[in-house]
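Hello,

Here is the structure we spoke about, with notes on what turned up in it. Please look through it before reading on.

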Amino acid sequence: MASVVSGDDLKGQVSATFVVLVIYPQITREMIHNTIPPKGVWRLIKTEVNQSFMKQFTPKERRMISKLDSDGYNDLDLPCLYKVIRYFLLIPTPRKGWGQRPQPEDQSEGDDIERMKRHCSDIIHRTRARLTESERHFFSRESIEIAKRMDNRIGSPKNGFESRIQNVQSNLLIQEKYVEALEKNAEYQGIVPIICFLNLLLKRRKFKTQTI
């Protein structure tokens, strides 16, 4: 028998999706901002002899990479950023290595990138469009901790990434521009049900507005 999906489960999935698609990439870009300029990465990619790095990418990711020279890191999503960082060693390797789950005491930038990558993969590829209560709490706690560490590194603890994540989790505003942002990632399995859910909420809100 199919399980009942609560509104809180769906809202938790919506806010988590926004965090991994929008805020996580912002945190990651901030980490590598002063390590190497995007034009430098673009030159490394273009001059690679056998182009083995580019062969790792999907067509969408290749389009993102092609804009490094003009748009910088801004067009790269988290999976694409992760590949660039890992291949060119833009951030020191996590304590347990790339692709391994960090332990709670592992708190370097590399460890946090690995955490974000794992959360992102879980959220955008899951087949059921919901997060259980325990999953929501775990995701929220780790995301806040990652954001707090990043805020401390860059010296903006009051109005930084932690505040952005808390605002999303506590006061999610369903807006057309958010749906549009998700639709750009509709190839991921876990995104389509979220888009349908948000479109339904938007239609209901418009109907209520028209009938007042």
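This is a predicted model: local features need pLDDT of at least 70, side-chain atom pairs count only at pLDDT 80 or more; totals for chains, interfaces and linings use all residues.

**E61**

Is E61 buried or exposed? Its relative accessibility is 5%, so E61 counts as buried. Apart from neighbours within four places in sequence, E61 has contacts with Q56, P79, C80 and K83.

**The nonpolar core**

The largest nonpolar core has 45 residues. Which of them touch the most other members? They are I27, V41, I65, Y73, L76, V84 and L90. Helices that each supply at least two residues of this core are α1 (7-32), α2 (38-47), α3, α5 (78-88), α6 (109-125), α7 (133-154) and α8 (161-170). The largest share comes from α1, with nine residues.

L76 is one of the core residues that touch the most other members. If residues up to four places away in sequence are not counted, L76 touches P25, R29, M64, I65, L68, L81 and V84. Among these contacts of L76 are I65 and V84, which are also listed with L76 among the core residues touching the most other members.

Regards

Terms used
Residues are numbered from 1 along each chain as its sequence is written. Side-chain values use heavy atoms; hydrogens and water are left out. Buried means under 20% relative accessible area, exposed over 50%, partly exposed in between (1.4 Å probe, protein chains only). Contact means heavy atoms within 4.5 Å. A nonpolar core is a set of buried Ala, Val, Leu, Ile, Met, Phe, Trp, Tyr and Cys residues joined through side-chain atoms within 4.5 Å. Helices (H or I, at least four residues) and strands (E, at least two) are DSSP runs, numbered from the N terminus.
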